[in-house]
Amino acid sequence: MNIVVCVKQIPDPAEPGALDPNTKTLKRDGKLILDESDSYGVEMALQLADAAGGGEVTLVSMAPNSETSGLRTALAMGAAKSVLVSDPALSGTDALGTAKILAAAIKRVEGADLILTATESSDGYTGTVPEQIAELLGLPSITFAKSIAIDGGTVKVQRQTEAGYDECEAPLPAVVSVTAGVVEPRYPSFKGIMAAKSKPVDEVDCAALGIDPGSVGWAGGGQEIVTVEAAPAREAGEVVEDDGTGFEKIVAFLDNLKVI
Amino acid sequence: MFDWTDEQKMLRDAVRQFIEKELVPIHEELEHGDTPPYDLLRKLFATFGMDAMARDGFKKRIEAEKAAAEAKARGEEPPAKKEREGGMDPSFTMIPIIELCRYSPGIVTAMGVSMGLTAAAISSRGTIAQKERWVPELLTMEKVGAWAITEPNSGSDAFGSMKSTARRDGDEYVLNGSKTFITNGPYADTIVFICKLDEGNPPAERKILSFVLDRGMPGLEQSKPLRKMGMHSSPTGELFLSDVRVGRDRLIGETEDVPSGGREGAKDTFSMERSGVAAMALGIISQCLELSVEYAKNRVQFGQPIGEFQLIQEKLAKMEVHRLNVQNLVFRYIEMGQAGVGLTLAEASAMKLYSARAAMEVALEAVQLFGGNGYMSEFKVEQLCRDAKVLQIYAGTDEIQITHIAKDLLRR
Ligand SMILES: Cc1cc2nc3c(=O)[nH]c(=O)nc-3n(C[C@H](O)[C@H](O)[C@H](O)COP(=O)(O)OP(=O)(O)OC[C@H]3O[C@@H](n4cnc5c(N)ncnc54)[C@H](O)[C@@H]3O)c2cc1C
């Protein structure tokens, strides 16, 4: 059972983040860490490989400045190896561009039976990349998995819904996005931490992936950030003294909002 | 080395997370509820694979020893000791000690005595069979170990005034005596009992022997935990032996012919624990300093944060000086370990003396900086302050460290 997990390395949310005034995007030049929401996918993959009695977990990540700190954390947890895409041309890449890069990187991993992702990253929140990857790879996709089981050539997923969960299946290989919090990510063992340093990280750029740099980055992005404004402070609410007709004011207020 | 490596930071952060999730919620219970720390330690070991690593390491060492013993029996040269294969990085033990001591130096005391002192006492002088019988489960914390030398009337002068005895009786020994202040004493499964061989000769000439005892042996009584000033998460107790019968298989080394009458063996153990105390001090100091800086920024008196007062600034500055010095001692120890170089007794003693005093001074000043809150347990520095005091007493008092440093210097 060979599993690929897409993981994002993000600025530590515990540190105060900053925007680059020129690009109006989050500064990513410091040390990056493994996005917590991806640690669930890593854990799920390790558990599935264990349950299958073997196979490798391979990480795929796109990050600036050849960053590997977050990858090392997942390697220390037990992933076997990783593909890292790092290229200055990737600065400003939007969600679809990211999916193109990750899909191309996943193709480098031979014999992948299952591709896991988080539902969304903790610093971007577009939540669209998993389905885009599936589409680009021509694979079936299931989102919001709260539990995953492999049955022969089929992946069986409990897909979280507001009311409970749906039971879904897809033939392998498939792309499945994992909901945060559904498994308890393991701590890296001391041995794992020591071993992580020497696990292979296959670093590639756009050229190696056969991707035209013009189709990704700012150039390829279908978006432009025009301006970034501080969120307006919440305005003080209206205080109404109840003189016995308070309920009429509430009805009028809700009516005005067109909710009743 | 001037900073932790990325790898060491990963280890530190992981251990810190574990502590926040597993230790902090039961901290009160460990400090004030007589809940022994062993289950938490076992969980720590299992979580980070420290138990499996210890077992693997032990297996390798014992196989090398067996090969050497077999070669010797055949009259061949024993195979050359392998160069340290990168060895176990001391930071892998120092970092958990530092991190645990930010909250609970007592837990480290219980851990250090069990997997450190007790296991080392058997490992350094025991026969291969004895090591296989007792050491692996001590290293993994499956079994709790205690190391008993101190007696009601013999502490610093451990050998001089020691009253515990072993008497030969046929093929067996009969052990008698009482020990006190024994870490893990109340719960220990495996106890190293240090005593004098009574052959009717004057006590000063008697050989020092060590025996391994198991919990529940007839004649062995383990007291309840003693009430004490600090280190409440480390159970400390008394041991009473009346006519405990043991075979030669429990005499460490299975021989009475121990070098320098057995007095050196225990001293090796002393110097090992002294370096661990520096890591403990670093944890206490780092935590007290961090808490103090926060408090100095936020506590307002006379219309300004108390951190604006120079008398408070001096406290913070002195704490930082101590933190840097102790951290440098720890870094030096780690680098020496990586290079396979050991500390001299004077160095180990100097390291312990300075670190213990620094931890005490920093923790007392932290209490002062916190004012009335510092005296209340809610603010945590009072516990660290009570805990820090014992660093100047056990593993050799400050006065004994000074004596050892000077003796070593004057002997050169
Ligand atoms: C929490 C705790 C845990 C412990 N755990 C263990 C354990 O697991 N196993 C164990 O065997 N022991 C243990 N001990 C005992 C500890 O090692 C002794 O308390 C310590 O060695 C000091 O001995 P003492 O208490 O008899 O003090 P004493 O030796 O009576 O010392 C009293 C004072 O006299 C000073 N003094 C003594 N001799 C000299 C000298 N030559 N020159 C100058 N000053 C001197 C001392 O420094 C001290 O200030 C523990 C103690 C504590 C408090």
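This report covers a helix pair, a ligand shell and a chain contact in a predicted model.

Local features need pLDDT of at least 70, side-chain atom pairs count only at pLDDT 80 or more, and totals for chains, interfaces and linings use all residues. Residues are numbered from 1 along each chain as its sequence is written, while chains are lettered from A and ligands numbered from 1 in the order in which they are written.

**Helix pair.** Helices (DSSP runs of H or I, at least four residues) and strands (E, at least two) are numbered from the N terminus. In chain B, α6 (residues 105-125) packs on α7 (residues 128-139) at about 170 degrees, with axes 9 Å apart. Axes are lines fitted to C-alpha atoms over the stretch in contact, and angles run from 0 to 180 degrees between N-to-C directions. α6(B) and α7(B) are therefore roughly antiparallel (angle over 145 degrees). Among the residues that meet are M115(B) of α6(B) and W134(B) of α7(B); contact puts C-beta atoms, placed from the backbone, within 7 Å.

**Ligand shell.** Of the 19 residues around the ligand, G155(B), S156(B), T183(B), T397(B) and E399(B) come nearest (C-beta atom, placed from the backbone, within 6 Å of the ligand). Domain 2 (147-259) and domain 3 (264-411) of chain B both give residues to this shell, so the ligand lies between them. The domain bounds come from an automatic or database assignment.

**Chain contact.** Chain B gives 13 residues and chain A eleven. α1(B) gives the most to chain B's side, with seven residues.

**Residue classes.** Ala, Val, Leu, Ile, Met, Phe, Trp, Tyr, Cys and Pro count as nonpolar, Asp, Glu, Lys and Arg as charged, and the others, Gly among them, as polar.

| α6(B) with α7(B) | seven residues | four residues | one residue |

Note on methods. Angles under 35 degrees count as roughly parallel, over 145 as roughly antiparallel, 65 to 115 as roughly perpendicular and the rest as oblique. Two residues are in contact if their C-beta atoms, placed from the backbone, lie within 7 Å.
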